[in-house]
Amino acid sequence: MQLSSEEKERYSRQILIDKIGEKGQEKLKHSSALIIGAGGLGNPVSMYLVASGLGKIGLIDADVVSVSNLGRQILYTTKDVGKKKVFLVQERLNKLNPNVDFDIYEERLSNLNASEIFLKYDVVVDATDNFETRYLINRTTIKTGKPLFIGAVGRFTGQVMSILPGKTACYNCIFPEKSPEIIHSMTDNNRSMGILGSLAGTIGSIVSTEVIKFFVGTGSKYFNKLLIYDALDNNFSILSIERDPRCKICGDE
Ligand SMILES: [Zn+2]
């Protein structure tokens, strides 16, 4: 289906870019992403993907808004405290761009529901702060063959990594899964270290840009790469990484 005249006007500044054009914009319209997490990263990722004209977004999160979220989760207001995040995101982003279809999952991702949900979308975005979920997402994208875009933030540092299952390094190749107890304490540590609110915007914006580039055909820069952004020094470093053939999740053995 071609773009309507309203869509051509709405996306005109993107369409003007020669690497996107009407063709790239149409590709975006026919693409979909599942965003896991409606928090500090999930907010900017979903806002930019909706504004950019992605066709369909799935959003999974079981949490309600708390006061301590408001320092970085910029889709919510003080009056929203106690309300379910996924419904607020849907309501607000539908007003931003009613052309985008929304699927809402008011539940936690688990071994039981992950594969079935992932298979409904073209790509998956990990916008969580939880390592149990991060390893589950990585395993499930390898199993279902879905490209994965990961954003992570803590204190003044952010990371971005993109994964093409079976072709580029997966999360487990670089950070091999530990015992459940260690993973649980990694999540606790991550949550207790604090985060600069605006950093979630920086990293969420980079992740949404990688997803858009993937769909319009200019490619994501962070396959087999790990971006580390140090906000204190305002320094971006990009590490080259490789698939581990002995990786327990994506390896050949
Ligand atoms: Zn791997």
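1. Alanine 152 touches Gly158 and Gln159, leaving out residues up to four places away in sequence; contact here means that the C-beta atoms, placed from the backbone, lie within 7 Å. This alanine sits in strand β5. Alanine 152 is buried, since 21 other C-beta atoms lie within 10 Å. The cut-offs are 20 or more other C-beta atoms within 10 Å for buried, 12 or fewer for exposed, and partly exposed in between, with C-beta atoms placed from the backbone. Between the C-alpha atoms of alanine 152 and phenylalanine 175, 23 residues apart along the chain, the separation is 13 Å.

2. A word on the source: this is a predicted model, in which local features need pLDDT of at least 70 and side-chain atom pairs count only at pLDDT 80 or more, while totals for chains, interfaces and linings use all residues. Residues are numbered from 1 along each chain as its sequence is written.

3. Now the overall picture. The protein chain has ten helices and eight strands; these are DSSP runs numbered from the N terminus, with H or I over at least four residues for helices and E over at least two for strands. The radius of gyration is 18 Å, close to the 18 Å that the globule rule gives for 253 residues, so the chain is as compact as a globular protein of that length. That radius is taken over C-alpha atoms, and the rule is 2.2 Å times the number of residues to the power 0.38. Of the 253 residues, 41% count as buried. Among contacts with a separation of 6 or more, 69% come from residues 24 or more positions apart.

4. Which strands does β4 pair with? Strand β1 (residues 32-36) and β4 pair in the parallel sense over four bridges, and three bridges join β4 to strand β5 (residues 148-154), also running parallel. Pairing requires at least two DSSP bridges between the strands. In β4, valine 123 is the bridge partner of alanine 33, while aspartate 126 stands opposite isoleucine 150 in β5. From β4 the chain crosses through helix α7 (residues 131-144) to β5, a right-handed β-α-β crossover. Right-handed means that, with the strands pointing away from the viewer, the path from the first strand over the helix to the second runs clockwise.

5. Side chains in a regular strand alternate between the two faces of the sheet. Strand β4 (residues 123-126) is covered on both faces, with Val123 and Val125 buried on one side and Val124 and Asp126 buried on the other.

6. Helix α7 is mostly covered, with ten of its 14 residues buried; among them are Phe131, Arg134, Tyr135 and Ile142. Its end C-alpha atoms are 20 Å apart, which agrees with the 20 Å that 14 residues should span at 1.5 Å a residue. The expected span is 1.5 Å times one less than the number of residues. Just after α7, glycine 145 takes a positive phi of about 75°.

7. Finally, the core. The largest nonpolar core holds 61 residues, and Ala33, Val125 and Val211 touch the most other members. Helix α10 (residues 197-216) gives the most to this core, with ten residues. Such a core is a set of buried Ala, Val, Leu, Ile, Met, Phe, Trp, Tyr and Cys residues joined through C-beta atoms within 7 Å. Leaving aside neighbours within four places in sequence, alanine 33 has contacts that include Leu49, Leu54, Ile57, Val125 and Val211.

Key. Two residues are in contact if their C-beta atoms, placed from the backbone, lie within 7 Å.
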